[in-house]
Amino acid sequence: MSKPDRDGEREAMWERQNEEFRDPAEIVAYWQGARSVDRRLLEFETQGKWWETLHDLDITLLVTREYEHLLLGMSTDESAGPVTSLMRLPHPSGLAVDRENGVVHVASTRNPNQIFDFAPLNGLMSRLDVPETRLEDKLLVPVRTRILPGCLYIHDLAMVGGELHANSVGQNAVVRLHASGRHERVWWPRCIETDDGPVFGQNHLQLNSIAAGDNLESSFFSASTDEVTDLRPGDPDFPVDRRGVIFSGESREPVARDLTRPHSARFYKGEIWVDNSGYGEVGFIEGEKFRPVSGLPGWTRGLCFSKNTMFVGTSRVLPRFRQYAPGLDVDSSRCGVHAIDTATGRLLGSIFWPFGSQIFSVDWLPRGFAKGLPFSVGSDTANHREKLLFYSFQVEDLQED
């Protein structure tokens with residue numbers, strides 16, 4: 001190759017480098033190409049009073065769509081109508097809204113794991129190099145990321161006793177997460193204890209959700225089994241049908257059985273509610289039994305409550321795990337979220353994403369707290385509002401360790 005060609009090659013490389021990482025969507029996600037979203041993933045259809053329910057509750061609903069690498073915010077606006085906003089993250093799973101401290105935590109469960117913290121925008125800094133501008137929309141802004149070992153295999157997040165906790169599925173345990181990035185094991189079920197000590201070395205139970213009480217002793221946890229065997233979750237032959245359990249935080253023993261791949265255990269009005277995923281059900285624990293309240297068209301996962309309405313996610317069943325859903329019509333399972341009256345079990349409304357795949361978690365926050373996420377649907381390049389927001393945003397101080 002001649003010298004002029006080498007010079008031209010270098011010039012082109014340097015020019016490309018100069019243009020890289022100019023888009024806030026890529027900076028905050030640590031991901032080149034984060035702006036590029038297949039529009040089909042955001043196509044939706046609704047049934048019943050979906051948007052009306054969100055409007056009446058006056059909430060913003062957050063949804064993690066795990067395998068599509070999407071965090072969505074949905075709300076309604078008096079003038080604009082339904083509003084959907086987004087941010088791309090690698091494989092978002094657990095989601096916890098800390099309403100006391102005004103922070104939203106989202107788990108990103110690739111290797112390494114990450115925890116993204118979001119806070120509501122509190123105006124813009126006064127600057128000489130930008131005109132005085134007000135952003136009317138109160139949006140969530142990413143303000144902190146903790147990077148954690150991938151072997152933690154974090155699933156659900158929950159605030160327990162005012163502190164952030166997570167299911168470390170890879171350790172069959174619950175960990176406390178500190179703002180500094182430190183993590184510590186704080187709870188595990190008795191069934192993993194052996195003469196050689198607890199089995200933290202690999203996933204045996206699929207311990208994947210937290211019904212958060214005031215402390216760990218008053219909390220409950222769901223898992224796919226309470227037996228440590230050679231067949232582990234993810235193995236095609238791992239037995240699932242009615243092997244799932246709810247563990248007591250206090251006794252560390254099962255207090256309910258006969259569930260099939262349970263997820264998203266939550267407290268509501270003093271009862272433990274849970275998604276019985278392998279049968280597409282949501283219901284509550286009565287005595288030692290699961291009492292289904294509603295059956296839905298998909299793998300139920302993701303559950304939260306706002307007043308007398310619960311929101312439940314459904315997912316398609318991944319083909320390699322179709323044997324994990326013995327109670328579902330696997331081929332007709334759909335990706336969506338459903339609003340259900342908790343008193344009657346009546347379906348109020350649903351939203352479906354025809355090209356969607358996996359819902360992991362749903363949670364809500366008051367619409368007055370934040371109307372959504374910083375990125376708009378359909379924005380192919382960074383717009384003026386996004387550039388201005390990320391150049392000079394202000395938020396309230398966050399809690400430290």
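**Exercise 1. Find which residues of the largest nonpolar core touch the most other members.**

Solution. Start with the term. A nonpolar core is a set of buried Ala, Val, Leu, Ile, Met, Phe, Trp, Tyr and Cys residues joined through side-chain atoms within 4.5 Å. Buried means under 20% relative accessible area, exposed over 50%, and partly exposed in between, with a 1.4 Å probe and protein chains only. The largest core holds 50 residues. Within it, W50, L61, M74, F118, F311 and V337 touch the most other members. Another core, of 15 residues, lies apart from it; V160, V174, L205 and A223 are among its members.

Two notes on the source. This is a predicted model, in which local features need pLDDT of at least 70 and side-chain atom pairs count only at pLDDT 80 or more, while totals for chains, interfaces and linings use all residues. Residues are numbered from 1 along each chain as its sequence is written, and side-chain values use heavy atoms, with hydrogens and water left out.

**Exercise 2. Classify the ring pair of W50 and F311, then say which parts it ties together.**

Solution. Rings of Phe, Tyr and Trp (its six-membered ring) pair if their centres lie within 6.5 Å; planes under 30 degrees apart count as stacked, over 60 as edge-to-face and the rest as tilted. The whole structure has 15 aromatic pairs. For W50 and F311, the centres are 5.9 Å apart and the planes stand at 90°, so this pair is edge-to-face. Next, place the residues. W50 sits in helix α3 and F311 in strand β24 (residues 309-315), so the pair ties together parts 261 residues apart in sequence. Helices (H or I, at least four residues) and strands (E, at least two) are DSSP runs, numbered from the N terminus. W50 is buried, at 0% relative accessible area. F311 is buried as well, at 0%.

Now take F375 and F390. Their rings are stacked, 5.6 Å centre to centre with 20° between the planes. F375 is in strand β28 and F390 in helix α4 (residues 384-392), so this pair links parts 15 residues apart in sequence. Both F375 and F390 are buried.

**Exercise 3. Give the strand order of the open five-stranded sheet and identify its edges.**

Solution. The order is β27-β2-β3-β4-β28, with antiparallel pairing. Two strands pair if DSSP finds at least two bridges between them. The edges are β27 (359-366) and β28 (375-376); each has a single partner strand, so one side of each lacks a neighbour in the sheet. Look inside: β3 (residues 70-77) and β4 (residues 81-88) pair over eight bridges. One of them joins L70 to R88. Helix α3 (residues 50-57) lies across β2 (59-65), β3 and β4, at about 75° to β3.

**Exercise 4. Decide how enclosed strand β26 is and trace its partners.**

Solution. Five of the six residues of β26 (residues 347-352) are buried, so the rest of the structure largely encloses the strand. β1 (residues 45-48) pairs with β26 in the antiparallel sense over four bridges. β25 (residues 336-341) also pairs antiparallel with β26, over five bridges. At G349 the bridge partners are G48 and A339. The β25-β26 hairpin has five residues between the strands, and there G345 takes a positive phi near 75°.

**Exercise 5. Is S264 buried or exposed, and which backbone nitrogen lies 2.7 Å from its side chain?**

Solution. S264 belongs to strand β19 (residues 262-268). At 5% relative accessibility, S264 is buried. A polar atom of its side chain lies 2.7 Å from the backbone nitrogen of G302.

Methods:
Polar contact = N/O pair within 3.5 Å; in protein donor to acceptor, adjacent residues only side chain to side chain. Contact = heavy atoms within 4.5 Å. Axes fitted to C-alpha atoms, helices over the stretch in contact; angles between N-to-C directions.
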